[in-house]
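Notebook open, pencil ready. Here is what I looked up, entry by entry, for anyone meeting this structure with me.

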Amino acid sequence: MQRRLSADDSALQQTLRHFFTEEFPADLREKVAAGRRLEADDIRRSQRTLAEAGYAAPAWPVEWGGRDWTPLQRHIWSTEMQAAAVMPPLPFNVAMVGPVIQTFGSRELQERFLPKTLTAEIWWCQGFSEPGAGSDLAALRTTAVRDGDHYVVNGQKTWTTLAQHADWIFALVRTDPAAPKKQQGISFLLIDMRSEGVTVRPIRMLDGGVEINEVFFENVRVPVDQLVGEENRGWTYAKFLLGNERVGVANNGMIKRLLTGLKHHAAQVRTPEGSLLEEPVVAARFAEIESRLMALELTALRTSATSHDGRPDPASSILKLVGSELQQAVLEFAADIAGPMSLVWDELNSVPDWASVTVPLDLNYRKATIYGGSSEVQRMIVASTILGLKG
């Protein structure tokens with residue numbers, strides 16, 4: 001494998017690096033770098049800025065605002081964006097519902113939704129998980145009963161990320177309860193969150209914030225023309241969506257940025273012998289994480305450089321597995337570096353900003369080894385598709 005980028009790819013890397021560090025709004029980058037929450041308007045402005053520059057969804061078809069880039073070039077885009085502390089585009093829009101509508105939706109749905117999905121004028125949330133039907137998605141119980149030109153939807157979704165800001169939700173609903181297999185009776189609906197009968201209830205997290213929600217549907221009438229693809233084919237579309245979600249979640253650019261900042265902070269924490277960075281145990285821990293990060297980067301380059309047919313390499317499961325665990329390792333290390341300072345969660349400037357956000361970030365990213373396919377699922381994929389092991 002060539003570790004050196006081609007002249008064209010190197011030029012693209014420099015162009016992207018300049019845009020993300022020099023042209024992208026500095027106030028948004030500063031918030032991300034400091035670990036502070038972005039407001040809804042910040043997130044919309046961030047994605048609109050990316051879209052206007054042509055950098056919101058490079059994997060989309062050119063017709064809908066994408067780029068004719070190779071997988072390696074898209075990897076460069078993602079890495080440079082994360083390294084510059086630029087918030088990636090909303091995954092619900094760009095990596096999930098957008099590709100589903102492009103691939104399976106009617107031309108009318110494409111023209112109606114894709115331009116506004118690209119710019120985040122429409123903010124999407126994901127209505128998949130339900131109480132009792134999270135990991136076993138096919139056990140969902142939300143129903144959609146045909147009534148003339150509408151479906152009448154009843155049920156509940158949970159763990160719905162940022163639903164309090166969303167304009168629309170893409171939801172899996174059961175349209176044929178009598179189907180011989182439970183996967184066969186599911187459809188993929190687009191539902192306006194302002195519809196009568198839709199209720200959003202926040203779920204308060206450990207850090208005091210609200211990132212996830214419950215969404216209730218009570219006799220919600222949804223026009224039939226908001227069905228994506230064919231009725232009862234939603235399971236196929238969901239598998240397609242979840243495959244896209246898993247790609248690009250290694251976040252090695254973000255990990256590198258966090259690790260660089262953490263070394264700087266450790267150098268500022270004084271000890272009787274000098275700084276915390278000079279402590280042998282701390283230095284060894286940095287070296288161990290950096291070596292794992294280098295291996296992750298090389299694996300990401302290899303898989304992106306060898307993917308030619310648009311489908312994810314099975315090694316993407318390694319990226320998801322190692323990347324998510326490495327994120328958690330860095331954030332846990334940050335809390336350790338902050339020490340007692342990490343226990344102060346206030347805005348009174350009694351401790352440095354970087355230290356006060358370490359524990360909330362560490363707790364929040366416990367989710368990283370679950371979403372997009374848990375670590376256990378990724379190990380099964382690696383065992384069966386790469387190692388050829390039989391269960």
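This is a predicted model: local features need pLDDT of at least 70, side-chain atom pairs count only at pLDDT 80 or more; totals for chains, interfaces and linings use all residues.

**Entry: the second largest pocket.** I sorted the lining of the second largest pocket by class and found six nonpolar, five polar and five charged residues. For the classes, I count Ala, Val, Leu, Ile, Met, Phe, Trp, Tyr, Cys and Pro as nonpolar, Asp, Glu, Lys and Arg as charged, and the others, Gly among them, as polar. Residues are numbered from 1 along each chain as its sequence is written, and side-chain values use heavy atoms, with hydrogens and water left out.

I noted 16 lining residues, of which Q13, T79, K256, E297 and L301 lie nearest the centre of this pocket. (A pocket is found on a 1 Å grid over the protein atoms alone, as an open set of points where a 1.4 Å probe fits, with protein on both sides within 12 Å along at least five of seven lines; lining residues have an atom within 4 Å of a point.) Which helix gives the most to the lining? I found that α4 does, with five residues. At least two residues each come from α1 (7-23), α4 (71-83), α8 and α9 (280-306). (Helices are DSSP runs of H or I, at least four residues, numbered from the N terminus.)

**Entry: α8 and α10.** Next I followed α8 (residues 252-268) to α10 (residues 316-338): their axes come within 10 Å and cross at roughly 15°. (Axes are lines fitted to C-alpha atoms over the stretch in contact, and angles run from 0 to 180 degrees between N-to-C directions.) The two helices are therefore roughly parallel, a term for angles under 35 degrees, with 65 to 115 counting as roughly perpendicular. In α8, the residues meeting α10 include M254, L258 and L262, and their partners in α10 include L326, V330 and F333.

**Entry: α3 and α6.** How do α3 (residues 40-53) and α6 (residues 107-119) cross? I read roughly 110°, with the axes coming within 7 Å. That is why I call α3 and α6 roughly perpendicular to each other. R44, Q47, R48 and A51 of α3 meet T117, L118 and T119 of α6. This contact has two nonpolar, three polar and two charged residues.

Key:
Angles under 35 degrees count as roughly parallel, over 145 as roughly antiparallel, 65 to 115 as roughly perpendicular and the rest as oblique. Contact means heavy atoms within 4.5 Å.
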